[in-house]
Amino acid sequence: MSIQTQCCNVSSRFLSEFTSLISGVCKLNDKKSEDDSSRTVFDCKTTKPSMPVVQYLLRLVKGARGTAELFTVMLIFINRLEQCAGIELTSRNCHRLLLTTFVIASKATEDFLFSNKYYAQIGGISLQDLNEMEVAFLNSTNWNTSTTVEYPLYAEKLSVSTASQRIP
């Protein structure tokens with residue numbers, strides 16, 4: 001699979017590996033729970049999204065300047081949400097959780113930010129849904145956006161130091 005990430009600060013190798021990790025976790029968790037009664041604000045309202053995870057991540061990368069460092073923080077946040085609220089990454093909530101953690105990670109780490117309206121547009125959801133998910137995430141994790149302790153471990157496992165090299 002060839003991933004086009006020209007003009008972006010994420011290498012195609014890193015994005016491919018990140019996508020494989022996220023997709024693998026979704027498949028594993030999908031097998032564990034098919035129960036609709038435990039739906040959360042992060043779950044798609046109708047069916048699972050048809051857009052492949054890699055395409056969705058490319059939308060975020062190209063539309064809002066995602067970096068390998070930002071993706072590392074997103075992964076920390078996804079794991080933190082599972083630890084704090086028991087919400088596991090599934091194919092039904094993957095896209096919405098990726099967008100939510102992308103927005104919160106951007107706000108926690110970046111100097112230049114887009115509006116939530118813009119993030120909602122590139123994420124393909126309503127502003128109201130994004131705002132609800134952001135508040136739900138922050139409340140579920142006790143507004144903890146610090147990644148100082150976890151970041152070095154996650155960065156090492158994801159090989160972030162070489163992941164930000166641009167594709168020529």
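Before the points, one convention: contact here means heavy atoms within 4.5 Å.

1. What we're looking at. This is a predicted model, in which local features need pLDDT of at least 70, side-chain atom pairs count only at pLDDT 80 or more, and totals for chains, interfaces and linings use all residues. Numbering starts from 1 along each chain as its sequence is written, and side-chain values use heavy atoms, with hydrogens and water left out.

2. Confidence. pLDDT is the predictor's confidence in each residue, from 0 to 100. The chain averages 86, with 86% of its residues at 70 or more. Helix 6 (residues 127–140) has the highest confidence, at 98, while helix 8 (residues 160–163) has the lowest, at a mean of 51. I'd flag two stretches. Residues 1–7 have pLDDT below 50, and the model gives them 15 contacts beyond near neighbours in sequence. Residues 161–168 stay under 50 as well, with 16 contacts beyond four places in sequence.

3. Overall layout. Helices (H or I, at least four residues) and strands (E, at least two) are DSSP runs, numbered from the N terminus. On that basis the chain has 8 helices and 0 strands. Of the 168 residues, 46% are buried; buried means under 20% relative accessible area, exposed over 50%, and partly exposed in between (1.4 Å probe, protein chains only). Taking contacts between residues at least 6 apart in sequence, 82% join residues at least 24 apart.

4. Helix 1 against helix 3. Two packed helices are described by the angle between their axes and the distance between the axes. The axes here are lines fitted to C-alpha atoms, for helices over the stretch in contact, and angles run from 0 to 180 degrees between N-to-C directions. For helix 1 (residues 12–32) and helix 3, the axes come within 11 Å and cross at roughly 10 degrees. The two helices are therefore roughly parallel; the cut-offs are under 35 degrees for roughly parallel, over 145 for roughly antiparallel, 65 to 115 for roughly perpendicular, and oblique for the rest. On the helix 1 side sit F14, L15, F18, L21 and I22, which meet A68, F71, T72, L75 and I78 of helix 3. By class, the residues of this contact are 9 nonpolar, 1 polar and no charged. Ala, Val, Leu, Ile, Met, Phe, Trp, Tyr, Cys and Pro count as nonpolar, Asp, Glu, Lys and Arg as charged, and the others, Gly among them, as polar.

5. Helix 5 against helix 6. Helix 5 (residues 116–123) packs on helix 6 at about 105 degrees, with the axes 9 Å apart, which makes the pair roughly perpendicular. N116, K117, Y119 and A120 from helix 5 meet L127, L130, N131 and E134 from helix 6. This contact has 4 nonpolar, 2 polar and 2 charged residues.

6. Y119. Worth a click: Y119 lies in helix 5 and is buried, at a relative accessible area of 1%. Leaving aside neighbours within four places in sequence, Y119 is in contact with A64, L99, F102, V103, S106, L113, F114 and L130. A polar atom of the Y119 side chain lies 3.5 Å from the backbone nitrogen of F114. That counts as a polar contact (a pair of N or O atoms within 3.5 Å; within protein, one must be able to donate a hydrogen and the other to accept it, and residues adjacent in sequence count only if both atoms are side-chain atoms). Y119 and G63 are 56 residues apart in sequence, yet 8.3 Å apart from C-alpha to C-alpha.

7. N93. N93 sits in the loop between helix 3 (68–85) and helix 4 (94–109), and at 2% relative accessibility N93 is buried. Its side chain has a polar atom 2.8 Å from the backbone nitrogen of T90. Not counting residues up to four places away in sequence, N93 touches F42, D43, I87 and E88.

8. I76. I76, in helix 3, is buried too, with a relative accessible area of 2%. Beyond four places in sequence, I76 touches T147, E150, Y151 and Y154.

9. Positive phi. Most residues other than glycine have a negative phi. R65, in the loop between helix 2 (53–64) and helix 3, has a phi near 55 degrees and is partly exposed at 44%. N142, in the loop between helix 6 and helix 7 (151–158), has a positive phi of about 55 degrees and is exposed at 63%.
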